[in-house]
There are 2 protein chains.
Amino acid sequence: MSRVINFNAGPAGLPLPALERARDEFIEFGKSGMSIMEHSHRGKDYEAVHNEAIALLKELLAIPDTHEVLFMQGGAHLQFCTIPMNFLPPGKSADYVITGNWANVAYSEAKKLAALGIGKVNVAATTEVDKKFTRIPKQSELKLDPNATYVHTTSNNTIFGTQFQTFPDTGKVPHICDMSSDFLSRKLDISKFAMIYAGAQKNIGPSGVVVCIMSKALIASGRKDLPKTLTYSVVAENNSLFNTPPTFAIYMVRNVLDWMKKSGGIAQIQKWNEEKGALLYGTLDRMADYYKAPVEKESRSLMNIVFRLPNEGLEEKFVADAKKANMVGIKGHRSVGGIRISAYNAVSVADIKHLCGFMEKFAAENKA
Amino acid sequence: MSRVINFNAGPAGLPLPALERARDEFIEFGKSGMSIMEHSHRGKDYEAVHNEAIALLKELLAIPDTHEVLFMQGGAHLQFCTIPMNFLPPGKSADYVITGNWANVAYSEAKKLAALGIGKVNVAATTEVDKKFTRIPKQSELKLDPNATYVHTTSNNTIFGTQFQTFPDTGKVPHICDMSSDFLSRKLDISKFAMIYAGAQKNIGPSGVVVCIMSKALIASGRKDLPKTLTYSVVAENNSLFNTPPTFAIYMVRNVLDWMKKSGGIAQIQKWNEEKGALLYGTLDRMADYYKAPVEKESRSLMNIVFRLPNEGLEEKFVADAKKANMVGIKGHRSVGGIRISAYNAVSVADIKHLCGFMEKFAAENKA
C-alpha cells in the first residue's frame, strides 16, 4: 500500500488514522457481527456513533447550548434552496454577499424560489471584476438591509482562493454562513452565527452528508408547512434521525472528529494550518518573479492556495512533475486554470514542506 | 471476526463479498494512492466506478434506452416531494395508491406542497382497515383518473409485509413506483414504468443514495424553474454529477451490483427469494396454530415477512432466543409489534433454513 500527497479540492484527503480505523472494523463493528453500515439507524450501536459525532463537534467548536447540530443530505447545494424556503417568507428579503462562484450559486438558487412564492434576494456586495474574485469585501462596502431576514456569506472560496479573515458584522440580522471549504480549520465564535453549514467532503468526511450548526431561535422561526425533509425544525426535533440518515458517512465524520480531538483539537489544527499557509505563501512571495499569487494578501485563503506560473506550458509541466514527486490534485479549477493547492486539515506541514521544496527546484530548473 | 444473521429492515445486511472488496481497497483504491472516497468526483478513477454502477444496473434490469439511471440524495423521503414539484403542475392532479405507511407518507408529503403552489393529490385506493394494511388492492378497486399527471404506487410495504405481485395497469398515465424495499429482488418490465425510485439501504447498498430509473419522456416533461438539486432534468443531463454525489455510497452500490452479476443476475436472485419465501411461509402455514401470518396470501411480501406468536411474552422470548441462535433484527416495527423477518437479497437460503429450524424448535419448547 502506498499513499500519495492528496491536494484535491473536494472530495479531499482524509486523515489516515480515521481511514484505518474504518478499515479495521469494516466487516464487524465492535462485537456486533456486522458492519456499521448494516446497523439499523434506530439501534443502539449506530445511535452511539451518531451522538458521539454530535458531542465531538460541540466539544471541538465549543458550541453553546443556544445552538444545535444537524446532519442533512443533498450537499451544500440543497441548503442553497432549503435556507430561503425556511427563512425567507413572501414579501421579505435576504442579503447575499457575493465573493465567488459558490456564493453566486447560493444567490441564484435562492432567486429561483420566487417561482414557489418565496421572498426576494438582494446582493449586499460583490467583489467580482471580469468574472474573477481576488478579494473579500470590507465591512464598509456591504449594503446591509436592517430589515433583511438573514445575511448569507461564504467563508472560503475554493475556486478563487479567498477567505474571510474576520466575519462581517450583520447587526441584529441573522448571519448564515456556508463554511463548506474551511469548516473546522480554525476557531470560531459560534454565537455570532445563526447558522453555519458545510458539506463534509473537505475537512470532515466523505461526500453525502452536510453538517449544520443552527441557533434554536432560527430553527423555531422557520416555516412549518414544508415537506418534512426540507424543514429544519423536523430534522432538529428528531436528532437528525427523522428519516434514515447517511449512517456510514456520519460514522466517518465521527472518526475524523475523534482524530482531531486526539491531535489537540481546533487550536492545534489552526496552528498547523497557519504554519502551512506561512510556508506556502512565503515561498510564493519569495519567488514572486516566477509564481504569481493573484489574491490580495488580506484575503488569502489558508485552505485553497492559487497561483500561476509564467505560462500554461510550464503549468502543465508543473502538474506532471508534481505527480512524479507523489503530489496530485493540484490543477486549478477548469473555470480559472493555473495551480490550486487545497491544504485541508488532512494535509500535513510536512506535505507542504515537500511541495515548497519541489517549487524551488522546479523554478530553478524551468526558466520561463 | 464473526458475522450474525442480519434480518434488519433497513439499513440492512449487505453481501459479504461486496464488503470485503471495499475493506481490502479501503486505504488505497487500485494503485491510486488514496481511498475511493478521497478521489475527486470529476476524476477518472471515480468516474469509472460511477459509470460501472450505472452500466451494471442497466444490464441487470435490462433497462431500455428510453430510460435513464440517476443517483440522488435525501432518501426516498426527499423524492416524495421532488416528484410532485417536478411533475404536478398547478391545476392538475395525481393519483396515489395507499397500501401502507410509506405510501401514506408519500401522499401526505405531496399534499403539503399545495403551500408552494403545486397541484392536487387524490387517493386512488386504500386498503387501510383499523390503521392496518393486510392486502394489496385489486385493479378493479383503483379509481384512476385518466387525466392524472401520474399514478404513484409503493411496490412493497416493509412494515405490514405486503407486496404487489403484479403491478396495476395505469393506462396512458405515467406510473411512478417507490421500490425502496424490493428493488432488484425480482425481474421487472422497466418499460411499464415512467419512474422507479429506491433508497439504497435495503437491497442495493448503504443509506445515503437513492437510485432513480426514469423515462426520458417523463424527465423532459418536468418543471425547469426549480432549484437545480430538485430538478430531474439537471441531474440527468449531468450524469448525476452536477453537484458532488455521495461517492462512497455509489461505490458500494457498484460492489453490490457486481456481486449480483457474479451470482447469476436477477433471475438467480429472484429464484433464491422465491425459495426463501416458500420455506418461511411454508413453516408459518404448517404451524398456523402457533404462528399467525396476518397478510392475505396473494399479497404476501418476499422481502418482509411478518407474523405474531400466541402472546407478547412469547414474542419477546422469541427475539431473545433468536439472538442466542445468532439471528438479529427480527422485532416488528414499533407501530405494529410482533415479528418481522426482512429477507433482502443478502439473506441466504441457508439463513432462512436456520430460522425455520429455530421456529420449529421454539414452538415445540414454548407452548402458549
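Biologist: How many residues does the contact take from chain B and from chain A?
Modeller: This is a predicted model, to begin with. The contact takes 62 residues from chain B and 62 residues from chain A.

Biologist: What share of the interface residues of chain B are also interface residues in chain A?
Modeller: 100% of them, so the copies meet through the same surface.

Biologist: And how much area do chain B and chain A bury between them?
Modeller: About 5100 Å², with 62% of it on carbon and sulfur atoms. On chain B's side, B:Ile27, B:Glu38 and B:Leu116 supply 14% of the area buried against chain A. That is more than any other three residues.

Biologist: Switching to charges. How many salt bridges are there between chain B and chain A?
Modeller: Two. In a salt bridge, the side chain of A:Arg3 meets that of B:Glu38, at 2.6 Å from N to O. B:Glu38 is also one of the three residues named for buried area.

Biologist: How many residue pairs are in polar contact across the interface?
Modeller: 30, counting pairs with both residues at pLDDT 80 or more.

Biologist: Which elements of chain B give two or more residues to the side that touches chain A?
Modeller: Helices H1 (16-24), H3 (75-87), H4 (101-112) and H7 (247-262). By class, that side of chain B has 28 nonpolar, 22 polar and twelve charged residues.

Biologist: Last one. What rotation superposes chain B on chain A?
Modeller: One of 180°, with 0.0 Å of shift along its axis and an RMSD of 0.0 Å. The two copies are thus related as by a two-fold rotation axis.

Terms used:
Residues numbered from 1 in each chain as written. Chains lettered and ligands numbered in written order. Predicted model: local features only at pLDDT ≥ 70, side-chain atom pairs only at ≥ 80, totals over all residues. Heavy atoms only, no water. Least-squares fit on C-alpha atoms with pLDDT ≥ 70 in both. Contact = heavy atoms within 4.5 Å. Buried area = accessible area lost by both parts, 1.4 Å probe. Salt bridge = Lys/Arg side-chain N within 4 Å of Asp/Glu carboxyl O. Polar contact = N/O pair within 3.5 Å; in protein donor to acceptor, adjacent residues only side chain to side chain. Helix = DSSP H or I, 4+ residues; strand = E, 2+ residues; numbered from the N terminus. Nonpolar A, V, L, I, M, F, W, Y, C, P; charged D, E, K, R; others polar.
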